[in-house]
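Hello,

Here is the structure for you to look over. My notes on the chain contacts follow it.

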Amino acid sequence: MSNLVLDLLLVIALLWSALRSLMTPNLFHAVVLFIVFGLLMAIVWVRLHAPDIALAEAAIGAGLSGALLLDTVGYLHKKQRESLS
Amino acid sequence: MFDPIPWLILLPLAWGCLAFLAGVGRGGRLAFAGLIIQLALTIVLARQIAMEGARHYAVGGWGAPLGIDLYVDGLTGVMLLLIHVVTLPLVVYARAYFSCQAEGVGYFWPLTLFLLAAMNALFMSADIFNIYVTLELLSLAAVGLVAAAGSAGPIAAAVRYLLVTLLGSGAYLMGVALLYGTYGSVSLTVLGPLLAATEISAAVFLAAMLMLTGLLLKTALFPFHFWLPPAHGSAPAPVSALLSALVIKASFYLILRLWFDLFAPLVTIPVAQLLGGLGAAAILWGSVLAFMQVRLKMLVAYSTVAQIGYLFLLFPLMMLPIPEAAESALQGGMMQLVAHALAKAAMFAAAGVMVLSAGKDDIALLSGMSSHLPLTLFAFALAGVTLMGLPPSGGFIAKWLLISSAVNGGQWGWVAVMILGGLLSAAYVFKVLCQAFLPPVAGVKFKPVRRVLEWPAFLLALISLLLGFRSGEILSLLGGG
Amino acid sequence: MKNLFNALVIVLFAVLGLTLIWVILELQPPTHVHLSKQVLTQLDASGVTHPVTAVLLNFRGYDTLLEVMVLLLALLGVLAQIGKREQRNLSAWFRLSQPYLQVLLWLVRMIVPLMVLVAGYLLWVGGHQPGGAFQAGAVLAAAGVLLNLSGVLPSWAEPAWNLRTGLVFGLLVFLLVAAAVMVVASPGLLLQYPPASAGMLILLIEMGLTLSLGLILAGLFLFLSGDAIEDEAEK
Amino acid sequence: MSSALIYACTGAALFVFGVTGLILLSHLLRKILAFNIMGSGIFLVLVGLGQRSGTPDPIPQAMVLTGIVVAVAATGLALALVRRLLHFTGEIRLPEEP
């Protein structure tokens with residue numbers, strides 16, 4: 001029973017973070033939400049008895065992709081400041 | 001007996017790695033040598049297929065469904081021969097091209113070699129997940145090549161191409177997931193008989209739809225063609241030639257494979273008619289837009305959109321109840337694939353030389369090209385003959401087979417579309433030729449180009465023309481597997 | 001017109017989504033093929049005892065070979081975009097000018113050696129429990145990214161021959177093992193390891209892959225993050 | 001309903017979110033996020049559907065590992081191209097259809 005509740009909570013959190021990361025107006029928040037989404041995915045993989053994928057998702061999906069995206073957001077902001085000044 | 005299959009997989013990957021090791025702009029000679037070896041291997045393989053028929057090859061020795069199977073038949077043999085025959089002259093062309101115009105050479109050679117490796121692996125694969133990996137390999141190589149030219153236009157085109165092709169792969173992979181969920185296997189050898197024997201569930205229908213849509217996106221069939229002209233039109237000429245001639249054929253090949261080997265029990269006449277209708281729309285729309293272009297390479301790219309349409313006419317014609325009509329439809333479609341690959345490679349190569357010489361990609365600047373680069377213009381015209389479908393070219397045989405199939409089945413609508421398409425392609429080819437035969441505008445100077453740049457296009461165009469005389473061999477290899 | 005198109009797309013994909021869910025709920029379990037059982041019965045012959053590693057590097061090792069090529073290819077695409085520039089050490093200077101990074105730097109000095117150890121451990125246990133080359137490579141890459149963020153490791157420019165060798169080292173090991181097996185042990189058969197030495201060969205491949213995957217994944221970040229500095233220098 | 005099946009259905013929903021976002025959103029970074037969400041959805045369907053009966057299945061798990069690596073490769077390439085586009089044009093959106 002508690003497992004089912006946990007699963008449903010995870011599902012809601014997954015769907016919510018995915019939707020928000022696509023819809024939220026602030027780009028930085030979107031990327032942070034995407035990283036949260038990746039970490040939630042890692043938990044889901046543990047729930048699905050797939051620890052290999054959980055490790056890879058946390059390190060690659062959330063970690064590396066997140067770092068790449070954040071760096072690009074930083075670059076974008078810098079560019080935008082330049083074009084304003 | 002020597003088996004060329006594993007070497008055809010491993011060697012191109014090794015060439016790619018070595019070319020990357022060699023460094024920026026290096027690897028042209030390696031590519032040439034490697035391609036000659038691979039062409040020899042392909043010929044050996046094609047002979048084996050012709051003598052002994054189709055066969056399976058179990059990678060790792062496990063066999064499907066546990067391991068990954070490869071499968072080679074006549075169709076595979078034709079495709080493998082085609083990519084090597086088209087690429088070899090293009091390698092010579094690319095070396096000369098990048099020695100005049102260094103822009104975009106960066107990692108051209110490793111990317112091209114990986115592109116070839118991806119196509120080799122794709123054509124031989126009999127495992128739908130493995131095919132997904134090869135598709136991604138192919139797409140990323142193609143996108144990297146388009147973007148290498150490095151100014152804003154090509155990069156925007158490359159981004160759009162990348163996003164579209166990723167969407168296509170995603171839809172395809174979703175189909176793979178559903179099929180695995182239904183049958184517990186991803187091997188074509190296992191899935192084919194299972195689909196034929198069991199009742200088809202809704203999941204399989206959905207999977208077929210998703211996979212087909214994904215591949216149509218990658219093949220750029222109308223109305224999914226929007227990404228193709230900017231990507232093929234703004235890449236460096238050798239890249240455009242590779243992409244237009246070969247890369248889109250890879251996803252078409254997969255559609256053909258899945259249509260016949262996997263989803264045959266699901267195929268209905270309305271679906272085939274729909275594909276044919278989209279093909280017909282592509283022929284007319286692509287040809288008209290090609291005629292309206294002001295840039296030469298965009299014209300050639302839109303002509304690709306149109307010529308893809310012919311390939312899809314084979315689906316409704318294959319459904320005809322008359323066996324001869326169905327057979328000649330398949331043969332015509334395959335001839336169209338081969339002839340278009342050769343002719344389009346020649347056309348893009350020739351267009352690249354003319355643009356290089358004129359200094360700018362603009363059809364209006366071509367006046368006087370007939371006296372300056374007669375051989376290149378001749379190659380362009382010969383390739384045009386194949387696209388129009390005039391005898392004795394390979395394109396003529398292709399269109400003849402398709403038309404006779406349609407006439408045989410009483411499908412006059414398709415006949416009308418094909419004839420109209422031929423006239424329209426004549427219009428856009430002559431638009432270029434007429435401009436080139438105008439007297440040169442005073443004060444316009446053409447840059448001289450190296451002779452070695454002109455011959456590959458001519459060679460490719462000549463092969464596409466002479467294909468008409470040797471179509472029997474290709475068709476018998478096709479039927480042999 | 002635009003809004004109409006958007007609404008149409010949303011409705012279309014909502015229908016697709018509901019159909020997908022319906023199809024998934026309706027689906028009967030497969031009755032014909034039971035692959036997970038086959039994996040377990042053949043596990044002894046694969047040379048490793050962890051089923052996922054067995055699938056990844058033996059039963060479907062061919063996929064993995066191609067997949068690593070995909071990764072290298074993406075890196076090639078990235079390299080084509082960064083253009084020619086000299087390796088600059090601006091990163092350290094630029095980033096160290098921010099005080100909170102001092103703390104980060106101190107942390108990184110502690111964490112990075114630990115991460116390298118973890119990577120080695122993941123690689124080693126991959127044969128019999130969760131872990132393996134991909135996870136180990138990812139941890140190595142993460143260490144590289146951290147070093148870059150804290151200013152210790154400069155962003156990379158056009159790779160010289162030694163870095164290029166590192167990037168393709170794992171792939172070359174993989175290809176060489178495949179070719180050697182094909183010539184010596186099982187003639188004409190691709191990636192068919194003799195059961196007796198399969199475990200050793202897989203570990204060899206994984207060691208090469210860990211190094212190259214770590215470098216490639218780190219490279220995706222380290223080559224790209226240099227852009228900002230390049231612009232900085234232009235001004 | 002097993003938890004694997006719940007996650008498979010979630011995967012279907014995520015796939016649809018991702019595809020819709022990839023088509024409709026115009027900001028390129030959002031498109032890349034949408035592509036990654038689409039990918040995660042597919043992976044969930046692949047594993048969830050394969051493990052309906054409750055026993056772990058190593059085959060789809062290995063496929064998803066492959067898929068994650070391919071996804072990060074594509075993301076890296078896409079970001080490199082987007083940054084280059086930004087560098088040249090200062091735009092983070094694609095020009096309208098020609």
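How many residues of chain A are in contact with chain D, and how many of chain D with chain A? The count is 33 residues of chain A and 35 residues of chain D. Two residues are in contact if their C-beta atoms, placed from the backbone, lie within 7 Å.

Some ground rules. This is a predicted model, where local features need pLDDT of at least 70 and side-chain atom pairs count only at pLDDT 80 or more, while totals for chains, interfaces and linings use all residues. Residues are numbered from 1 along each chain as its sequence is written, and chains are lettered from A and ligands numbered from 1 in the order in which they are written.

**Chains A and D**

Three helices of chain A each supply at least two residues of the side that touches chain D: helix 1 (2-23), helix 2 (27-47) and helix 3 (51-84). Helices are DSSP runs (H or I, at least four residues), numbered from the N terminus. Helix 3 gives the most, with 15 residues. By class, this side of chain A has 21 nonpolar, seven polar and five charged residues. Ala, Val, Leu, Ile, Met, Phe, Trp, Tyr, Cys and Pro count as nonpolar; Asp, Glu, Lys and Arg as charged; the others, Gly among them, as polar.

In chain D, helix 1 is mostly covered, with 18 of its 22 residues buried. Buried means 20 or more other C-beta atoms within 10 Å of the residue's own, with C-beta atoms placed from the backbone.

**Chains B and C**

Five pairs of chains are in contact, and chains B and C share the most contacts. Here 47 residues of chain B meet 46 residues of chain C. Helix 5 of chain B gives the most to its side, with eleven residues. That side has 33 nonpolar, twelve polar and two charged residues.

One helix pair stands for a closer look. Helix 8 (residues 202-219) of chain B and helix 1 (residues 2-26) of chain C pack at about 140°, with axes 9 Å apart. Axes are lines fitted to C-alpha atoms over the stretch in contact, and angles run from 0 to 180 degrees between N-to-C directions. Ala202(B), Ala203(B) and Leu206(B) make the contact with Thr19(C), Leu20(C), Val23(C) and Glu26(C).

**Chains A and B**

No contact joins chain A and chain B. Their closest C-alpha atoms lie 15 Å apart.

Best wishes

Conventions
A residue is buried if 20 or more other C-beta atoms lie within 10 Å of its own, exposed if 12 or fewer, and partly exposed in between; C-beta atoms are placed from the backbone.
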